[in-house]
Amino acid sequence: MSKKSRLAIILTVLALCFWFLWPSLSWYVRTPKDAQALALGSLEKIKDYSSSSAQKDVEALKAQAKENPDALLTDDQKWLLKAARKNYKAMGKEAPSPMTLRDALLAFDRDELTELIEKRYRDEILKNKNYYKNSVKLGLDLSGGMNVIVKADLDAVVASVGDSSIDVDALKEQALQQTIETLTSRIDRFGLSEPVIRQQGEDRIYIELPGAAETDQINSIIMGKGILNFRVVDSDATNNFLSQYMIYGDSLFDSKGKLVDASLIPEDCEVLGFYTQDDYGLDLLNTQMPYVVVKKEVLLDGKCIKKADIGQEQLTGRPTVNFELDSEGAQIFGDFTAQNVGTGIAIVSDSRIKSYATIREAIPTGNVQISGFSQTEAQNLQKVLQTAWLDVPLTVESQQVIGASLGDQAIRQGVFAILAGLAAIMVFMLIWYKGAGVNACLAQVLNLYIMFSILSAFNLTITLPSIAGMILTIGMAVDANVLIFERIKEERRLGKDRATSIANGFGNALWAILDSNITTFIAAIFMSQLGSGSIQGFAVSLAIGVCSTVFTALVVSRLLFDFNTEAVHKQNISIGWGIK
């Protein structure tokens, strides 16, 4: 490999590593602690904070404009200037120049200004939240919190389907993945911190909840049911209830969400909220029809759905949601739609109405098409149809609570161990190998840089065992340099020149380095696949460290030697006592 190619590879790797590491740097270095606390909150909390902060800012801006009507916009209010000019242009008016704060506020009505400011808060917090999602995570042994291992009874899912022709393995995989998605949505909706939820083994789900969490609350959330079903809508009762709701509002409900006056609706009905997703990705009551009265009796169970996907209407091109029912569901649905054209049907999940449609014609085939959505709404409904019907029995196998103080102590000890080990090795290399030791030190720093970048790229979690793997990698990286340096010293003792000694030293050490690191890598891969918990964390960091070690020892260190040979024109090699 030519030196230019080697340099190009190194620069490309360093640039990619910086790209991978940027979310972690942005989160841990550039994001203040108070902003981190906001970003780690649930979407519900983020929404409440953004909304209340926006309202306060609107009041403050109005008070400032009233106190000093001639006050010009400050530098931190330039965003308001841009939006105000856009509004003036939309109204067909010329924007004042220079624009005062009062002029800018006159370009908005109160709701529009509140929404604009809320969007700024929301975008900033969600940007930080995205940094966290794409950064290196700290395990519970470092950050504190609770971990829960949940076992999913996938055999019960297969038994409930009762179709011998299905692909059992594919069904189990789909059931587990959809359960993970449902748990993620449910945990966040209940106001808990940003969860880490991932598959562990074939039928287990590992959940990490940073910060303090109540065990009973976690159990109730995890064991909650998310079954999807179809209900018949009572249109007359819905219209009557909405007319009362327009007058009395939420006073119709008690603190538990139940009707104060049950006589408002028929005895065989209940009132459910009709929800759509807002800009935060949260369920929000539909503004035009916040509540719908549906029959208590379930028309069709969601387990009758075989599959769901998104299509398009042929004439209009508008998105549709298409789902296929099994034979039992097709029979029930076909009979009902044939006798109830014009009747409304609601799709209910977790006691919330996710979609509301009117029967236009009889549907005897079991292939149902629902339209009238935007693309985003169609995707959300498809996800509901795919995930919410699965009744996967879950069992909490273990729970562990770790205090934050223990985590802080572990972080300090882990960082100290890495830095102390790195410093000791660097001192030894500089003393024993003199000038060549500088190459080894630079390779060590780049080795850690590459390791952290790969951890960030794959959103992996750093735990105490992971730190142990890093410390071991530091020693292994030096071992590769020691092999190379000793080979170079042997060549110099034979009287060979600098360039030849370096070339032969790297060549003779190449297979010894590859053999030792390949065998270690194989062992690490098997540990990461067959092990779990702390063993897996140690194995993953060790495997990453082996790859970065080989790269820095054989590519980076070689380029540094060649640079001193050809660019600096050195003849001697500072590589040990008595060696020139």
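Where does P98 have its place? I found P98 in the loop between α4 (78–90) and α5 (101–106). The peptide bond leading from S97 into P98 is cis, with omega near -5°.

**Ground rules**

I noted that this is a predicted model, where local features need pLDDT of at least 70, side-chain atom pairs count only at pLDDT 80 or more, and totals for chains, interfaces and linings use all residues. Residues are numbered from 1 along each chain as its sequence is written, and side-chain values use heavy atoms, with hydrogens and water left out.

**The whole protein**

I looked up 18 helices and 16 strands in the protein. Helices (H or I, at least four residues) and strands (E, at least two) are DSSP runs, numbered from the N terminus. Of the 580 residues, 45% are buried. Buried means under 20% relative accessible area, exposed means over 50%, and partly exposed is in between (1.4 Å probe, protein chains only). The accessible surface comes to about 30500 Å², and 55% of that belongs to carbon and sulfur atoms. Such areas come from the Shrake-Rupley method with a 1.4 Å probe; for residues, only the protein chains shown count as cover. I also checked contacts (heavy atoms within 4.5 Å). Among those with a separation of 6 or more, 73% are between residues 24 or more positions apart.

**Aromatic pairs**

How many aromatic pairs does a search of the whole structure find? My page says 13. Rings of Phe, Tyr and Trp (its six-membered ring) pair if their centres lie within 6.5 Å; planes under 30 degrees apart count as stacked, over 60 as edge-to-face and the rest as tilted.

I started with F230 and F333, whose ring centres are 6.2 Å apart with planes at 65°, so this pair is edge-to-face. F230 sits in strand β5 (residues 228–233) and F333 in helix α12 (residues 327–339), so the pair ties together parts that are 103 residues apart in sequence. Both F230 and F333 are buried.

Next I looked at F241 and F253, an edge-to-face pair with 5.9 Å centre to centre and 65° between the planes. F241 belongs to helix α11 (residues 235–248) and F253 to the loop between α11 and β6 (269–273), so the parts tied together are 12 residues apart in sequence. F241 counts as buried because its relative accessibility is 1%, and F253 counts as buried at 13%. I wrote down one aromatic cluster formed by F241, Y245, F253 and Y291.

I then found a charge over a ring (NZ of Lys or CZ of Arg within 6 Å of the ring centre and within 35 degrees of the ring normal). R352 lies over the face of Y275, at 4.3 Å from the ring centre.

**Salt bridges**

I counted a salt bridge when a side-chain nitrogen of Lys or Arg is within 4 Å of a carboxyl oxygen of Asp or Glu. By this rule there are 13 salt bridges.

One of them joins the side chains of K151 and D203 (3.5 Å, N to O). K151 is in strand β2 (residues 145–152) and D203 in the loop between β3 (196–200) and β4 (204–210), 52 residues apart. Another joins E397 and R204 (2.9 Å, N to O). E397 lies in strand β15 (residues 394–402) and R204 in strand β4, so this pair ties together parts that are 193 residues apart in sequence.

I also noted R558 and D562, which meet in a salt bridge (3.3 Å, N to O). Both lie in helix α18 (residues 534–566), 4 residues apart, about one turn of the helix. D562 counts as buried because its relative accessibility is 10%. Salt bridges that share partners join K151, D203, R204 and E397 into one network.

**Last look-ups**

Is N481 buried or exposed? N481 is buried, because its relative accessible area is 2%. Its place is in helix α16 (residues 464–493). Not counting residues up to four places away in sequence, N481 touches M429, A440, A443 and S557.

K434 has a positive phi of about 55° although it is not a glycine. I found K434 in the loop between α14 (404–433) and α15 (435–457).
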